[in-house]
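Here is a friendly briefing to read with the model open beside you.

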Amino acid sequence: MNMELTVLALSFTLLLILGVPVAFAIGLSSVATIVVAGLPVAMVFQKMVGGMQVFSFLAIPFFVFAGELMLYGGIADRIVRFANSLVGHVRGGLGMSNVIGCTIFGGVAGSPLADVSAMGSVMIPLMKKEGYDADYAVNVTTHAALVGAIMPTSHNMIIFTLAASGLASVSVLGLILAGLVPAIILTLCNLGAAYWVAVRRGYPIHGNFPGWLEVIKSFGAALPGLFVVVIILGGILSGAFTATESASIAVAWALFVTVIVYRTLTFQNFLKACAKACKTTGVVLLLIGISNAFGYFMALYEVPQMTGALMQKISNEPWVIFLMINILLFILGTFLDMAATILICTPIFMPIAMHFGMDPMQFGIMLLINCALGLNTPPVGSVQFVGCAIGGISVGQVMRTIGPFYGALTLAMLLVTYVPQFTLWLPNLLK
């Protein structure tokens, strides 16, 4: 067993270092382990196909497609106008508008990458034009976009519930509700960091408060796009449809809003949204299938039990164990894509966290926040790379001033980790 586990770990690590895509690194390391163990190679393909044949996975392509339609359908401009009418008049107002806009759009699109692509394309050039430094504009946008990972339309929540299915009963609705309060906490922390840096740098105040009439008008213009969140939550809570069905309804509503109401989705952009959704879905499902085989070996060779025993040699205090899990999740999240991190780390760390008293939904939100932080950290850092490309600034320059924003999100993550009520209050209230 030690030989097979060594092959599994070393081959996977080596392939990642060589730059092999994560899905292929997982698959090849699984094949290498099977060869060493003397098992039939066909087992990998059986586990892979079996891992993808789950009805609930239909929610993933639909949520991804809905997010892409929102991205290409011009929803972002109306959200920016609404956010700017609220806080655009305070010091660092554009930065705070950016935070609110990214949070709202994240709730609609459910993807940090789509969020930074849409909002960043609008807000980063605008902030630079108004005299804000490029590193500030990029940091505000990329960190605010991470909130999309725990919003109701996030397909990563679906992935987590399925990764956790063999370990505990975690409903999609419960996880969605568990993420709402942490999303507010993350937003407040981002607003605090944006304001604090703006004051320290002496950014000017732009304009006056436009009045509540303008706020109401801009909210009304953005409301059709935002209504997708109400439809999803209301439909699931009322029992009108399941989480999987809600994803298809989100697509229908996104098409209705962008084609009929706003009339901003061109046929060319519709084709782009279809192509991007197909590509993302293909990557995610390939990862899910391959990770099912990888997870089989981790369970077979008792990786979670070994990891837990190793941690307990360091400490038996729950707060120390949770801190170690956070650190390990963050490190792994900087090297792996979000879906891969969820699929690989959930079966390893979730049993340990549950053993020390953490609720599965609380662990899920903690994991998603760590994964989101990894999207904004080199060497993978896809969200940060997109933001830097839009802002015309290097990753190194952004990393030099990232401290306040990192600190704000780390504070939010620690609150989620050590104060269960933030995550569990709303699900328990609506049980």
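## Briefing on the predicted model

Ala389 counts as exposed, because its relative accessibility is 61% and the cut-off for exposed is over 50%. Please keep in mind that this is a predicted model.

- Ala389 is part of helix H18, which covers residues 382-391.
- Between Ala389 and Gly120 there are 269 residues of sequence separation, yet their C-alpha atoms are 9.8 Å apart in space.

**The nonpolar core and Ile325**

- In the largest nonpolar core there are 157 residues, and the ones with the most contacts inside it are Phe105, Tyr136, Ile325 and Phe363.
- Helix H10 (residues 172-201) supplies the largest share of this core, with 14 residues.
- Ile325 sits in helix H15, residues 318-335.
- Is Ile325 buried or exposed? Ile325 is buried, because its relative accessibility is 0% and the cut-off for buried is under 20%.
- Setting aside residues up to four places away in sequence, the contacts of Ile325 are Met311, Phe349, Ile352, Ala353, Phe363 and Met366.

**Helices H7 and H8**

- Helix H7 (residues 112-129) and helix H8 (residues 134-145) have axes that come within 9 Å and cross at roughly 155 degrees.
- H7 and H8 are therefore roughly antiparallel to each other, since angles over 145 degrees count that way.
- Their crossing, H7 with H8, is right-handed.
- Sorted by class, the contact of H7 with H8 has 10 nonpolar, 3 polar and 2 charged residues.

**Helices H9 and H17**

- Helix H9 (residues 155-163) packs with helix H17 (residues 360-375) at an angle of about 130 degrees, and their axes are 11 Å apart.
- H9 and H17 are therefore oblique to each other.
- The H9 and H17 crossing is right-handed.
- From H9, the contact draws on Asn156, Met157 and Phe160, while H17 brings Pro360, Phe363, Gly364, Ile365, Leu367 and Leu368.
- By class, the contact of H9 with H17 has 7 nonpolar, 2 polar and no charged residues.
- Phe363, listed here for H17, is also in contact with Ile325.

**Two more residues to look up**

- Ser97 belongs to helix H6, residues 93-109, and counts as buried because its relative accessibility is 2%.
- Leaving out residues up to four places away in sequence, Ser97 touches Ala83, Asn84, Val87, Gly88 and Met123.
- Arg263 is located in the loop between helix H12 (243-261) and helix H13 (267-300).
- Most residues other than glycine have a negative phi. Arg263, although not a glycine, has a positive phi of about 55 degrees.
- Arg263 is exposed, with a relative accessible area of 70%.

Key: Residues are numbered from 1 along each chain as its sequence is written. This is a predicted model: local features need pLDDT of at least 70, side-chain atom pairs count only at pLDDT 80 or more; totals for chains, interfaces and linings use all residues. Side-chain values use heavy atoms; hydrogens and water are left out. A nonpolar core is a set of buried Ala, Val, Leu, Ile, Met, Phe, Trp, Tyr and Cys residues joined through side-chain atoms within 4.5 Å. Buried means under 20% relative accessible area, exposed over 50%, partly exposed in between (1.4 Å probe, protein chains only). Helices (H or I, at least four residues) and strands (E, at least two) are DSSP runs, numbered from the N terminus. Contact means heavy atoms within 4.5 Å. Axes are lines fitted to C-alpha atoms, for helices over the stretch in contact, and angles run from 0 to 180 degrees between N-to-C directions. Angles under 35 degrees count as roughly parallel, over 145 as roughly antiparallel, 65 to 115 as roughly perpendicular and the rest as oblique. A crossing is left-handed if the near helix is turned anticlockwise from the far one by less than a right angle, and right-handed if clockwise. Ala, Val, Leu, Ile, Met, Phe, Trp, Tyr, Cys and Pro count as nonpolar, Asp, Glu, Lys and Arg as charged, and the others, Gly among them, as polar.
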